[in-house]
Amino acid sequence: TYGNGKGLAEFPRLILAELGIAFEDVRWPDEEWDTEIAKLKPTLPFGQVPLYEEGGLTLVQSMAIARHLARKGNLYGSTLEKQALVDMYLDGLTDIRTKRDPLRYFDDVPDSIKDAQVAKFYATTLPQWAGYFEKFLADGREYLAGEFTVADISAYRIFSDAQEEHPECFAATPKLLALVARVAARPNIAAYLVKRPVTAW
């Protein structure tokens, strides 16, 4: 359960798609968000969505949902060492998102400050972090941990929209772009992307 956009729910949706798990994709229209979250909030562990329900299990926090699904679907790495790498990559990718988002949702921050922060993110921060992930692929591996894992899906989620909006950020990261394309081409994910609703965010 989430709003009618990608946001924090899209990463778990992509994992469910990859695993071929059918799910009810409850999306609140933007104009109903305040009403729906007010009704649901008292029942939520932290008063937040996305919300994932599976039998008697109720989860919020997108990364908790993602990690649960990845473990359940054997997408967390085949050895302890690979699992440690997956955690490192996931935390790094989360850092990128948190560097991008801090001012986005604060109405009392002047647009001029927001615009300057966004410009700095795309001019400096994103190319820097894309370069870090490029280095992880420098030895010719197809996937970050040497096998397909949830970290690759997260990399797709973080970098794919940015690639469309700011391709200049990826001029020096062809291997990373190849990874993004590789994930998008996986049959179950490709099928999901074709039918995914076109939304404003």
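The crossing of helix 4 and helix 6 is left-handed; in this convention, the near helix is turned anticlockwise from the far one by less than a right angle. Helices here are DSSP runs of H or I with at least four residues, numbered from the N terminus. The model is a predicted one, in which local features need pLDDT of at least 70 and side-chain atom pairs count only at pLDDT 80 or more, while totals for chains, interfaces and linings use all residues. Residues are numbered from 1 along each chain as its sequence is written, and side-chain values use heavy atoms, with hydrogens and water left out.

The axes of helix 4 and helix 6, lines fitted to C-alpha atoms over the stretch in contact, come within 9 Å and cross at roughly 15°. Helix 4 is therefore roughly parallel to helix 6, a label for angles under 35 degrees on a scale from 0 to 180 degrees between N-to-C directions. On the helix 4 side, the contact (heavy atoms within 4.5 Å) is made by Val-86, Tyr-89, Leu-90, Leu-93, Ile-96 and Arg-97. Helix 6 contributes Val-150, Ala-151, Ser-154, Ala-155, Ile-158 and Phe-159.

Some of these names return in the largest nonpolar core, where Ile-96, Leu-126, Phe-133, Val-150 and Phe-159 touch the most other members among 46 residues. Such a core is a set of buried Ala, Val, Leu, Ile, Met, Phe, Trp, Tyr and Cys residues joined through side-chain atoms within 4.5 Å, buried being under 20% relative accessible area with a 1.4 Å probe and protein chains only. Helix 6 supplies the largest share of this core, 8 residues.

Definitions and conventions: Buried < 20%, exposed > 50% of the residue type's maximum accessible area, 1.4 Å probe, protein only. Helix = DSSP H or I, 4+ residues; strand = E, 2+ residues; numbered from the N terminus. Parallel < 35°, antiparallel > 145°, perpendicular 65-115°, else oblique.
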